[in-house]
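Have the sequence and the 3D view open side by side.

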Amino acid sequence: MALLDVKDLVVHYGKINALKGVSLRLEQGDFVALIGANGAGKTTLLCAISGVVHATSGTVSFRGKSIFNHASEAIVRSGISHVPEGRKIFSELSVEENLYAGAYIISDKARVKDLLERSYQLFPRLAERRKKEGGTLSGGEQQMLAIARGLMSDPDILFLDEPSLGIAPILVDKIFEFIVQINAMGKTILMIEQNANLALQVARYGYVMETGKITHEAACAELREDDAIRRAYLGVTGATT
Amino acid sequence: MFLQQLINGIAQGSLFALIAISFSLVWGLLRMVNFAMGELYMLGAYAGWLVVMHVTPNLGVALFAGFMVGWIVGWLIEKVAFKAMRGVPHIASLVCTIGFSFFLKETASTLFGAETKSMPSYYSQTAFTIAEANISWLQVLMVAVAIIMMVLLQLLFYRTKVGLAVRAVALDYRTASLMGMKVDRVTSLAFSLSGALVGFVGVLAAIYYNAVNAGMGFVPAIKGFTAAVFGGITSIPGAILGGYLLGAIENLSVKFMSSGYRDFVSFLILIIFLLFRPNGILGKKTKL
(Lines give C-alpha, C1' and ligand atoms only; values in the text may rest on other atoms or scores of the structure.)
Protein backbone atom coordinates (compact mmCIF):
# COMPACT_ATOMS: atom_id res chain seq x y z
CA MET A 1 0.00 0.00 0.00
CA ALA A 2 1.31 3.38 -0.97
CA LEU A 3 1.72 5.98 1.76
CA LEU A 4 -0.15 8.53 -0.35
CA ASP A 5 -2.28 7.47 -3.27
CA VAL A 6 -3.90 10.06 -5.50
CA LYS A 7 -6.18 8.92 -8.32
CA ASP A 8 -7.84 10.89 -11.11
CA LEU A 9 -7.85 14.15 -9.20
CA VAL A 10 -9.84 16.87 -10.96
CA VAL A 11 -9.93 20.54 -9.93
CA HIS A 12 -11.84 23.43 -11.46
CA TYR A 13 -11.33 27.11 -10.81
CA GLY A 14 -14.71 28.37 -11.93
CA LYS A 15 -14.87 27.19 -15.52
CA ILE A 16 -11.15 26.58 -15.84
CA ASN A 17 -10.14 22.97 -15.58
CA ALA A 18 -6.87 23.20 -13.68
CA LEU A 19 -6.33 19.49 -13.01
CA LYS A 20 -7.67 16.99 -15.50
CA GLY A 21 -7.40 13.70 -13.71
CA VAL A 22 -4.01 13.40 -12.03
CA SER A 23 -2.75 10.23 -10.37
CA LEU A 24 0.33 10.02 -8.21
CA ARG A 25 1.77 7.71 -5.58
CA LEU A 26 4.22 8.26 -2.78
CA GLU A 27 5.90 5.41 -0.92
CA GLN A 28 7.31 5.71 2.59
CA GLY A 29 10.65 7.52 2.42
CA ASP A 30 10.25 8.62 -1.20
CA PHE A 31 11.73 11.78 -2.58
CA VAL A 32 9.57 12.78 -5.52
CA ALA A 33 9.96 15.82 -7.76
CA LEU A 34 7.13 17.42 -9.68
CA ILE A 35 8.29 19.50 -12.63
CA GLY A 36 6.57 21.33 -15.43
CA ALA A 37 5.96 24.77 -16.89
CA ASN A 38 4.21 27.58 -15.04
CA GLY A 39 0.48 27.04 -15.01
CA ALA A 40 0.76 23.29 -15.50
CA GLY A 41 -1.14 22.73 -12.26
CA LYS A 42 1.66 21.66 -9.93
CA THR A 43 0.75 23.99 -7.09
CA THR A 44 -2.93 23.21 -7.61
CA LEU A 45 -2.15 19.52 -7.21
CA LEU A 46 -0.38 20.05 -3.87
CA CYS A 47 -3.12 22.40 -2.71
CA ALA A 48 -5.86 19.95 -3.66
CA ILE A 49 -4.18 17.19 -1.68
CA SER A 50 -3.49 19.39 1.35
CA GLY A 51 -7.02 20.76 1.43
CA VAL A 52 -6.27 24.35 0.45
CA VAL A 53 -8.17 23.97 -2.81
CA HIS A 54 -11.44 22.10 -3.19
CA ALA A 55 -11.26 19.25 -5.71
CA THR A 56 -14.11 18.35 -8.04
CA SER A 57 -13.56 14.61 -8.13
CA GLY A 58 -11.01 11.84 -7.66
CA THR A 59 -9.63 10.05 -4.64
CA VAL A 60 -6.84 10.85 -2.23
CA SER A 61 -5.89 8.29 0.35
CA PHE A 62 -3.21 8.51 2.98
CA ARG A 63 -2.21 5.27 4.73
CA GLY A 64 -5.26 3.67 3.14
CA LYS A 65 -7.74 6.22 4.51
CA SER A 66 -9.49 8.79 2.37
CA ILE A 67 -8.46 12.40 3.04
CA PHE A 68 -10.16 13.67 -0.13
CA ASN A 69 -11.35 17.24 0.35
CA HIS A 70 -10.72 17.25 4.07
CA ALA A 71 -10.02 20.67 5.57
CA SER A 72 -6.36 21.67 5.51
CA GLU A 73 -6.30 21.91 9.30
CA ALA A 74 -7.38 18.25 9.43
CA ILE A 75 -4.91 17.08 6.82
CA VAL A 76 -1.92 18.48 8.69
CA ARG A 77 -3.17 16.52 11.71
CA SER A 78 -3.15 13.31 9.71
CA GLY A 79 0.53 13.82 8.86
CA ILE A 80 0.98 15.85 5.69
CA SER A 81 2.69 19.19 6.04
CA HIS A 82 2.53 21.67 3.17
CA VAL A 83 5.25 24.32 2.90
CA PRO A 84 3.54 26.82 0.60
CA GLU A 85 4.96 28.62 -2.40
CA GLY A 86 6.53 31.95 -1.52
CA ARG A 87 7.38 30.74 2.01
CA LYS A 88 4.45 32.57 3.66
CA ILE A 89 6.31 33.33 6.84
CA PHE A 90 4.25 35.11 9.50
CA SER A 91 6.17 38.33 9.03
CA GLU A 92 5.37 39.93 12.38
CA LEU A 93 5.93 36.82 14.45
CA SER A 94 9.43 36.02 15.64
CA VAL A 95 11.33 33.08 14.19
CA GLU A 96 10.58 31.06 17.28
CA GLU A 97 6.89 31.98 17.23
CA ASN A 98 6.73 30.89 13.60
CA LEU A 99 8.14 27.55 14.65
CA TYR A 100 5.69 27.25 17.54
CA ALA A 101 2.89 28.03 15.09
CA GLY A 102 4.12 25.09 13.00
CA ALA A 103 3.78 22.84 16.03
CA TYR A 104 0.24 24.05 16.72
CA ILE A 105 -1.27 20.55 16.41
CA ILE A 106 1.06 19.07 19.02
CA SER A 107 -0.17 19.51 22.57
CA ASP A 108 2.68 17.72 24.36
CA LYS A 109 4.96 20.59 25.39
CA ALA A 110 8.03 18.42 25.90
CA ARG A 111 7.68 17.09 22.39
CA VAL A 112 7.36 20.60 20.97
CA LYS A 113 10.58 21.54 22.77
CA ASP A 114 12.32 18.52 21.23
CA LEU A 115 11.10 19.44 17.78
CA LEU A 116 12.25 23.02 18.31
CA GLU A 117 15.70 21.76 19.29
CA ARG A 118 15.76 19.57 16.21
CA SER A 119 14.92 22.57 14.01
CA TYR A 120 17.74 24.57 15.51
CA GLN A 121 20.16 21.67 15.08
CA LEU A 122 19.15 21.33 11.47
CA PHE A 123 19.21 25.08 10.83
CA PRO A 124 21.68 26.73 13.24
CA ARG A 125 21.09 29.99 11.39
CA LEU A 126 17.54 30.05 12.74
CA ALA A 127 18.78 29.56 16.28
CA GLU A 128 20.87 32.71 15.92
CA ARG A 129 17.82 34.63 14.73
CA ARG A 130 15.22 33.11 17.02
CA LYS A 131 14.03 36.46 18.42
CA LYS A 132 13.98 38.31 15.09
CA GLU A 133 10.72 39.00 13.30
CA GLY A 134 10.15 36.62 10.40
CA GLY A 135 9.78 39.48 7.94
CA THR A 136 13.31 40.73 8.63
CA LEU A 137 15.01 37.53 7.46
CA SER A 138 16.63 37.16 4.05
CA GLY A 139 14.89 35.07 1.39
CA GLY A 140 17.10 32.07 2.07
CA GLU A 141 16.59 32.30 5.81
CA GLN A 142 12.85 32.60 5.30
CA GLN A 143 12.89 29.46 3.19
CA MET A 144 14.79 27.63 5.94
CA LEU A 145 12.22 28.90 8.41
CA ALA A 146 9.34 27.80 6.18
CA ILE A 147 10.80 24.30 5.90
CA ALA A 148 11.59 24.13 9.60
CA ARG A 149 8.08 25.31 10.42
CA GLY A 150 6.66 22.63 8.14
CA LEU A 151 8.67 20.03 10.04
CA MET A 152 7.46 21.24 13.43
CA SER A 153 4.23 19.23 13.10
CA ASP A 154 6.48 16.18 12.75
CA PRO A 155 4.78 15.06 9.52
CA ASP A 156 5.22 11.84 7.57
CA ILE A 157 5.07 13.71 4.29
CA LEU A 158 6.48 17.14 3.54
CA PHE A 159 5.21 19.07 0.51
CA LEU A 160 7.65 21.68 -0.74
CA ASP A 161 6.48 24.21 -3.30
CA GLU A 162 9.36 25.88 -5.15
CA PRO A 163 11.96 25.94 -2.37
CA SER A 164 14.49 27.69 -4.61
CA LEU A 165 12.17 30.48 -5.74
CA GLY A 166 13.58 33.94 -5.13
CA ILE A 167 16.63 32.72 -3.27
CA ALA A 168 20.21 33.78 -3.88
CA PRO A 169 21.89 31.15 -6.09
CA ILE A 170 24.60 30.40 -3.52
CA LEU A 171 21.93 29.54 -1.00
CA VAL A 172 19.97 27.26 -3.30
CA ASP A 173 22.50 24.42 -3.00
CA LYS A 174 22.48 24.84 0.74
CA ILE A 175 18.67 24.60 0.87
CA PHE A 176 18.77 21.46 -1.25
CA GLU A 177 21.35 19.89 1.03
CA PHE A 178 18.92 20.47 3.87
CA ILE A 179 16.09 18.89 1.91
CA VAL A 180 18.19 15.80 1.13
CA GLN A 181 19.08 15.61 4.80
CA ILE A 182 15.41 15.80 5.81
CA ASN A 183 14.61 12.98 3.40
CA ALA A 184 17.44 10.97 4.95
CA MET A 185 15.76 11.51 8.35
CA GLY A 186 12.91 9.42 6.98
CA LYS A 187 10.52 12.12 5.83
CA THR A 188 8.75 11.45 2.56
CA ILE A 189 9.06 14.45 0.27
CA LEU A 190 6.98 15.70 -2.64
CA MET A 191 8.62 18.76 -4.13
CA ILE A 192 7.71 21.18 -6.89
CA GLU A 193 10.76 22.80 -8.37
CA GLN A 194 11.20 25.22 -11.25
CA ASN A 195 14.86 24.29 -11.49
CA ALA A 196 14.23 20.94 -13.16
CA ASN A 197 17.91 20.10 -13.42
CA LEU A 198 18.45 20.40 -9.74
CA ALA A 199 15.18 18.67 -8.90
CA LEU A 200 15.95 15.65 -11.04
CA GLN A 201 19.39 15.36 -9.49
CA VAL A 202 18.31 15.30 -5.87
CA ALA A 203 14.99 13.45 -6.11
CA ARG A 204 14.62 9.77 -6.87
CA TYR A 205 11.38 9.75 -8.81
CA GLY A 206 9.86 12.43 -10.97
CA TYR A 207 6.54 13.45 -12.44
CA VAL A 208 6.24 15.88 -15.33
CA MET A 209 3.07 17.95 -15.61
CA GLU A 210 1.66 19.80 -18.58
CA THR A 211 -1.64 21.71 -18.67
CA GLY A 212 -3.28 19.85 -15.83
CA LYS A 213 -2.06 16.36 -16.64
CA ILE A 214 0.90 14.15 -15.84
CA THR A 215 2.70 13.51 -19.10
CA HIS A 216 5.72 11.53 -17.91
CA GLU A 217 6.74 9.72 -14.79
CA ALA A 218 9.87 7.72 -14.16
CA ALA A 219 12.91 7.47 -11.96
CA CYS A 220 14.78 10.78 -12.09
CA ALA A 221 17.84 9.16 -13.63
CA GLU A 222 15.62 8.01 -16.50
CA LEU A 223 13.92 11.38 -16.91
CA ARG A 224 17.30 13.04 -17.12
CA GLU A 225 18.14 10.85 -20.14
CA ASP A 226 14.77 11.29 -21.85
CA ASP A 227 15.21 13.39 -24.99
CA ALA A 228 11.78 15.03 -24.84
CA ILE A 229 12.29 16.04 -21.21
CA ARG A 230 15.80 17.28 -21.92
CA ARG A 231 14.57 19.47 -24.72
CA ALA A 232 11.54 20.82 -22.88
CA TYR A 233 12.80 21.26 -19.34
CA LEU A 234 16.54 20.78 -19.16
CA GLY A 235 17.52 22.18 -22.54
CA VAL A 236 18.46 25.76 -21.88
CA THR A 237 19.82 25.35 -18.41
CA GLY A 238 21.02 21.78 -18.94
CA ALA A 239 24.73 22.55 -18.76
CA THR A 240 25.27 20.33 -15.74
CA THR A 241 24.28 17.05 -17.41
CA MET B 1 -8.17 72.99 36.55
CA PHE B 2 -5.67 71.73 34.01
CA LEU B 3 -4.75 68.80 36.21
CA GLN B 4 -8.38 68.00 36.90
CA GLN B 5 -9.14 67.87 33.18
CA LEU B 6 -6.12 65.69 32.60
CA ILE B 7 -7.26 63.28 35.30
CA ASN B 8 -10.77 63.15 33.87
CA GLY B 9 -9.23 62.61 30.47
CA ILE B 10 -7.17 59.68 31.63
CA ALA B 11 -10.17 58.06 33.29
CA GLN B 12 -12.25 58.50 30.17
CA GLY B 13 -9.29 57.51 28.04
CA SER B 14 -9.34 54.10 29.73
CA LEU B 15 -12.81 53.55 28.31
CA PHE B 16 -11.80 54.73 24.86
CA ALA B 17 -8.67 52.57 24.94
CA LEU B 18 -10.62 49.40 25.68
CA ILE B 19 -13.13 50.14 22.94
CA ALA B 20 -10.27 50.91 20.57
CA ILE B 21 -8.69 47.53 21.36
CA SER B 22 -11.95 45.88 20.36
CA PHE B 23 -11.93 47.65 17.01
CA SER B 24 -8.28 46.67 16.52
CA LEU B 25 -9.01 43.03 17.25
CA VAL B 26 -11.79 42.83 14.69
CA TRP B 27 -9.85 44.86 12.16
CA GLY B 28 -6.76 42.69 12.62
CA LEU B 29 -8.65 39.47 11.97
CA LEU B 30 -11.22 40.46 9.40
CA ARG B 31 -10.05 43.81 8.04
CA MET B 32 -13.52 45.02 8.87
CA VAL B 33 -15.32 47.34 11.25
CA ASN B 34 -18.11 46.19 13.48
CA PHE B 35 -20.58 49.08 13.46
CA ALA B 36 -22.63 47.48 16.21
CA MET B 37 -19.80 48.00 18.71
CA GLY B 38 -21.67 50.87 20.38
CA GLU B 39 -24.73 48.70 20.87
CA LEU B 40 -22.65 45.96 22.47
CA TYR B 41 -21.45 48.65 24.86
CA MET B 42 -25.05 49.69 25.49
CA LEU B 43 -26.18 46.10 26.07
CA GLY B 44 -23.30 45.61 28.50
CA ALA B 45 -24.44 48.74 30.34
CA TYR B 46 -28.02 47.44 30.57
CA ALA B 47 -26.78 44.07 31.78
CA GLY B 48 -24.79 45.80 34.53
CA TRP B 49 -27.77 48.00 35.41
CA LEU B 50 -30.11 44.99 35.64
CA VAL B 51 -27.68 43.23 37.92
CA VAL B 52 -27.21 46.11 40.35
CA MET B 53 -30.91 47.03 40.40
CA HIS B 54 -32.38 43.56 40.64
CA VAL B 55 -29.77 41.01 41.61
CA THR B 56 -26.89 42.26 43.66
CA PRO B 57 -25.15 45.59 44.17
CA ASN B 58 -21.84 43.81 43.70
CA LEU B 59 -19.91 45.68 41.03
CA GLY B 60 -17.81 42.66 40.09
CA VAL B 61 -20.94 40.70 39.19
CA ALA B 62 -22.24 43.63 37.15
CA LEU B 63 -18.98 43.88 35.20
CA PHE B 64 -19.02 40.14 34.60
CA ALA B 65 -22.61 40.35 33.33
CA GLY B 66 -21.64 43.09 30.88
CA PHE B 67 -18.69 41.00 29.74
CA MET B 68 -20.85 37.92 29.16
CA VAL B 69 -23.64 39.75 27.33
CA GLY B 70 -21.07 41.38 25.07
CA TRP B 71 -19.47 37.99 24.47
CA ILE B 72 -22.71 36.28 23.51
CA VAL B 73 -24.10 39.04 21.30
CA GLY B 74 -20.64 39.54 19.74
CA TRP B 75 -20.51 35.83 18.95
CA LEU B 76 -23.94 36.06 17.33
CA ILE B 77 -22.96 39.08 15.21
CA GLU B 78 -19.88 37.25 13.96
CA LYS B 79 -21.94 34.24 12.95
CA VAL B 80 -24.55 36.26 11.07
CA ALA B 81 -22.66 39.24 9.69
CA PHE B 82 -19.29 37.66 8.97
CA LYS B 83 -19.29 33.89 8.87
CA ALA B 84 -22.56 33.50 6.98
CA MET B 85 -21.45 36.20 4.56
CA ARG B 86 -18.01 34.90 3.79
CA GLY B 87 -17.29 35.08 0.11
CA VAL B 88 -19.69 37.92 -0.61
CA PRO B 89 -18.30 41.49 -0.87
CA HIS B 90 -17.21 43.06 2.42
CA ILE B 91 -19.81 45.77 2.16
CA ALA B 92 -22.55 43.22 2.89
CA SER B 93 -21.00 42.43 6.26
CA LEU B 94 -20.59 46.10 7.08
CA VAL B 95 -24.21 46.84 6.22
CA CYS B 96 -25.25 43.84 8.26
CA THR B 97 -23.43 45.19 11.34
CA ILE B 98 -25.23 48.53 10.82
CA GLY B 99 -28.44 46.52 10.76
CA PHE B 100 -27.48 44.91 14.05
CA SER B 101 -26.75 48.34 15.46
CA PHE B 102 -30.28 49.56 14.75
CA PHE B 103 -31.89 46.29 15.72
CA LEU B 104 -30.17 46.12 19.10
CA LYS B 105 -30.84 49.78 19.86
CA GLU B 106 -34.54 49.48 19.04
CA THR B 107 -34.82 46.21 20.93
CA ALA B 108 -33.31 47.81 24.01
CA SER B 109 -35.58 50.82 23.88
CA THR B 110 -38.61 48.55 23.45
CA LEU B 111 -37.60 46.33 26.33
CA PHE B 112 -36.42 48.96 28.76
CA GLY B 113 -38.22 52.08 27.58
CA ALA B 114 -36.84 55.15 25.85
CA GLU B 115 -36.08 57.10 29.01
CA THR B 116 -32.65 57.18 30.58
CA LYS B 117 -32.20 54.92 33.61
CA SER B 118 -30.09 56.17 36.40
CA MET B 119 -27.30 54.02 37.62
CA PRO B 120 -26.28 54.15 41.26
CA SER B 121 -22.93 55.71 42.09
CA TYR B 122 -20.00 53.62 43.14
CA TYR B 123 -16.80 54.78 44.75
CA SER B 124 -17.56 58.41 43.99
CA GLN B 125 -15.72 59.63 47.12
CA THR B 126 -12.48 61.44 46.57
CA ALA B 127 -9.52 59.13 46.85
CA PHE B 128 -6.91 61.84 47.00
CA THR B 129 -6.41 65.44 46.08
CA ILE B 130 -3.40 66.76 44.22
CA ALA B 131 -3.10 70.51 43.82
CA GLU B 132 -6.85 71.05 44.09
CA ALA B 133 -7.61 68.30 41.59
CA ASN B 134 -9.81 65.55 42.96
CA ILE B 135 -9.36 61.96 41.96
CA SER B 136 -12.28 59.72 42.81
CA TRP B 137 -11.94 56.09 43.75
CA LEU B 138 -13.99 55.27 40.70
CA GLN B 139 -11.44 56.96 38.45
CA VAL B 140 -8.66 55.01 40.13
CA LEU B 141 -10.67 51.85 39.69
CA MET B 142 -11.36 52.53 36.01
CA VAL B 143 -7.73 53.06 35.19
CA ALA B 144 -6.70 50.05 37.25
CA VAL B 145 -9.31 47.78 35.69
CA ALA B 146 -8.39 48.96 32.20
CA ILE B 147 -4.72 48.29 32.85
CA ILE B 148 -5.47 44.84 34.26
CA MET B 149 -7.56 44.06 31.17
CA MET B 150 -4.74 45.20 28.90
CA VAL B 151 -2.18 43.11 30.76
CA LEU B 152 -4.45 40.07 30.60
CA LEU B 153 -4.94 40.58 26.88
CA GLN B 154 -1.22 40.96 26.39
CA LEU B 155 -0.64 37.70 28.28
CA LEU B 156 -3.35 36.00 26.25
CA PHE B 157 -1.88 37.11 22.93
CA TYR B 158 1.79 36.69 23.71
CA ARG B 159 1.95 33.85 26.21
CA THR B 160 -0.68 31.35 25.12
CA LYS B 161 -1.19 29.03 22.21
CA VAL B 162 -4.61 30.52 21.47
CA GLY B 163 -3.03 33.97 21.38
CA LEU B 164 -0.40 32.75 18.93
CA ALA B 165 -3.19 31.36 16.76
CA VAL B 166 -5.08 34.68 16.86
CA ARG B 167 -1.97 36.55 15.77
CA ALA B 168 -1.12 34.00 13.07
CA VAL B 169 -4.67 33.98 11.69
CA ALA B 170 -4.70 37.79 11.66
CA LEU B 171 -1.46 37.84 9.64
CA ASP B 172 -2.28 35.09 7.12
CA TYR B 173 -5.28 32.86 7.68
CA ARG B 174 -4.53 30.52 4.78
CA THR B 175 -1.08 29.67 6.05
CA ALA B 176 -2.44 29.46 9.58
CA SER B 177 -4.85 26.74 8.47
CA LEU B 178 -1.92 24.81 6.97
CA MET B 179 -0.50 24.75 10.52
CA GLY B 180 -3.71 23.10 11.72
CA MET B 181 -5.24 26.27 13.19
CA LYS B 182 -9.02 26.35 13.04
CA VAL B 183 -9.49 29.71 11.43
CA ASP B 184 -13.25 29.91 11.97
CA ARG B 185 -12.98 29.09 15.63
CA VAL B 186 -10.13 31.51 16.24
CA THR B 187 -11.98 34.31 14.45
CA SER B 188 -15.17 33.64 16.35
CA LEU B 189 -13.29 33.62 19.64
CA ALA B 190 -11.55 36.92 19.00
CA PHE B 191 -14.76 38.54 17.80
CA SER B 192 -16.62 37.40 20.90
CA LEU B 193 -13.77 38.70 23.02
CA SER B 194 -13.99 42.10 21.36
CA GLY B 195 -17.73 42.16 22.11
CA ALA B 196 -17.10 41.14 25.70
CA LEU B 197 -14.56 43.93 26.14
CA VAL B 198 -16.97 46.64 25.02
CA GLY B 199 -19.78 45.09 27.07
CA PHE B 200 -17.48 45.35 30.07
CA VAL B 201 -16.63 48.96 29.23
CA GLY B 202 -20.35 49.68 28.95
CA VAL B 203 -20.80 48.79 32.63
CA LEU B 204 -17.89 50.99 33.67
CA ALA B 205 -19.31 53.85 31.61
CA ALA B 206 -22.79 53.41 33.07
CA ILE B 207 -21.32 53.86 36.53
CA TYR B 208 -19.06 56.74 35.53
CA TYR B 209 -21.87 58.73 33.87
CA ASN B 210 -24.62 57.35 36.19
CA ALA B 211 -26.82 56.78 33.18
CA VAL B 212 -28.01 54.02 30.87
CA ASN B 213 -30.07 54.47 27.71
CA ALA B 214 -30.52 52.81 24.36
CA GLY B 215 -28.62 55.45 22.40
CA MET B 216 -25.66 55.66 24.76
CA GLY B 217 -23.30 53.58 22.62
CA PHE B 218 -23.15 55.69 19.49
CA VAL B 219 -20.74 58.43 20.53
CA PRO B 220 -18.35 56.24 22.59
CA ALA B 221 -18.12 53.77 19.71
CA ILE B 222 -17.08 56.52 17.35
CA LYS B 223 -14.65 57.81 19.96
CA GLY B 224 -13.21 54.33 20.36
CA PHE B 225 -12.91 54.00 16.60
CA THR B 226 -11.23 57.40 16.46
CA ALA B 227 -8.82 56.30 19.17
CA ALA B 228 -8.02 53.16 17.18
CA VAL B 229 -7.38 55.11 13.98
CA PHE B 230 -5.44 57.73 15.94
CA GLY B 231 -3.07 55.17 17.48
CA GLY B 232 -2.95 52.89 14.45
CA ILE B 233 -5.75 50.42 14.01
CA THR B 234 -3.46 47.48 13.26
CA SER B 235 -1.74 47.77 16.62
CA ILE B 236 -3.10 47.08 20.09
CA PRO B 237 -0.50 49.27 21.85
CA GLY B 238 -1.51 51.93 19.32
CA ALA B 239 -5.14 51.52 20.31
CA ILE B 240 -4.24 52.00 23.97
CA LEU B 241 -2.11 55.06 23.26
CA GLY B 242 -4.82 56.48 21.01
CA GLY B 243 -7.45 55.96 23.71
CA TYR B 244 -5.55 57.78 26.42
CA LEU B 245 -4.40 60.58 24.12
CA LEU B 246 -7.91 61.12 22.86
CA GLY B 247 -9.29 61.19 26.39
CA ALA B 248 -6.68 63.71 27.46
CA ILE B 249 -6.97 65.94 24.38
CA GLU B 250 -10.74 65.98 24.52
CA ASN B 251 -10.88 66.96 28.17
CA LEU B 252 -8.12 69.51 27.90
CA SER B 253 -9.83 71.13 24.94
CA VAL B 254 -12.53 72.24 27.36
CA LYS B 255 -9.99 74.67 28.74
CA PHE B 256 -9.71 76.43 25.40
CA MET B 257 -13.20 76.24 24.01
CA SER B 258 -16.73 75.63 25.11
CA SER B 259 -17.37 72.08 26.27
CA GLY B 260 -19.96 71.79 23.52
CA TYR B 261 -17.07 71.47 21.08
CA ARG B 262 -15.64 68.48 22.81
CA ASP B 263 -16.92 65.89 20.34
CA PHE B 264 -15.87 68.17 17.53
CA VAL B 265 -12.24 67.80 18.65
CA SER B 266 -12.38 64.01 18.42
CA PHE B 267 -13.93 64.03 15.01
CA LEU B 268 -11.43 66.58 13.80
CA ILE B 269 -8.67 64.22 14.91
CA LEU B 270 -10.37 61.32 13.13
CA ILE B 271 -10.65 63.27 9.88
CA ILE B 272 -7.10 64.62 10.03
CA PHE B 273 -5.64 61.18 10.67
CA LEU B 274 -7.72 59.49 8.00
CA LEU B 275 -6.56 62.14 5.52
CA PHE B 276 -2.91 62.52 6.39
CA ARG B 277 -1.81 59.57 8.43
CA PRO B 278 -4.25 56.71 7.98
CA ASN B 279 -1.83 54.28 9.63
CA GLY B 280 -2.05 56.21 12.89
CA ILE B 281 0.76 56.86 15.33
CA LEU B 282 2.00 53.32 15.85
CA GLY B 283 0.30 51.45 13.04
CA LYS B 284 2.17 49.77 10.25
CA LYS B 285 1.34 50.19 6.62
CA THR B 286 -1.11 47.51 5.65
CA LYS B 287 -2.01 46.18 2.27
CA LEU B 288 -5.75 46.12 1.83
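Which residues does Met150(B) touch, not counting residues up to four places away in sequence? Met150(B) touches Ala17(B), Leu18(B), Ile21(B), Ile240(B) and Tyr244(B), where contact means heavy atoms within 4.5 Å. The model is predicted, so local features need pLDDT of at least 70 and side-chain atom pairs pLDDT 80 or more, while totals for chains, interfaces and linings use all residues. Residues are numbered from 1 along each chain as its sequence is written, chains are lettered from A in the order in which they are written, and side-chain values use heavy atoms, with hydrogens and water left out.

Met150(B) is also among the residues with the most contacts inside the largest nonpolar core, which has 97 residues. A nonpolar core is a set of buried Ala, Val, Leu, Ile, Met, Phe, Trp, Tyr and Cys residues joined through side-chain atoms within 4.5 Å; buried means under 20% relative accessible area, with a 1.4 Å probe and protein chains only. Helix H8 (residues 183-209) of chain B gives the largest share of this core, 15 residues. Helices (H or I, at least four residues) and strands (E, at least two) are DSSP runs, numbered from the N terminus. Another core lies apart from it and has 47 residues, including Phe31(A) and Ile229(A).

Chain A also holds an open sheet of 4 strands in the order E2-E1-E4-E5, with antiparallel pairing. Two strands pair if DSSP finds at least two bridges between them. The edge strands, E2 (16-26) and E5 (65-66) of chain A, each pair on one side only. Strand E4 (residues 57-62) of chain A pairs with E5(A) over 2 bridges, and Ser61(A) has Ser66(A) in E5(A) as its bridge partner.

How values were computed:
Buried < 20%, exposed > 50% of the residue type's maximum accessible area, 1.4 Å probe, protein only.
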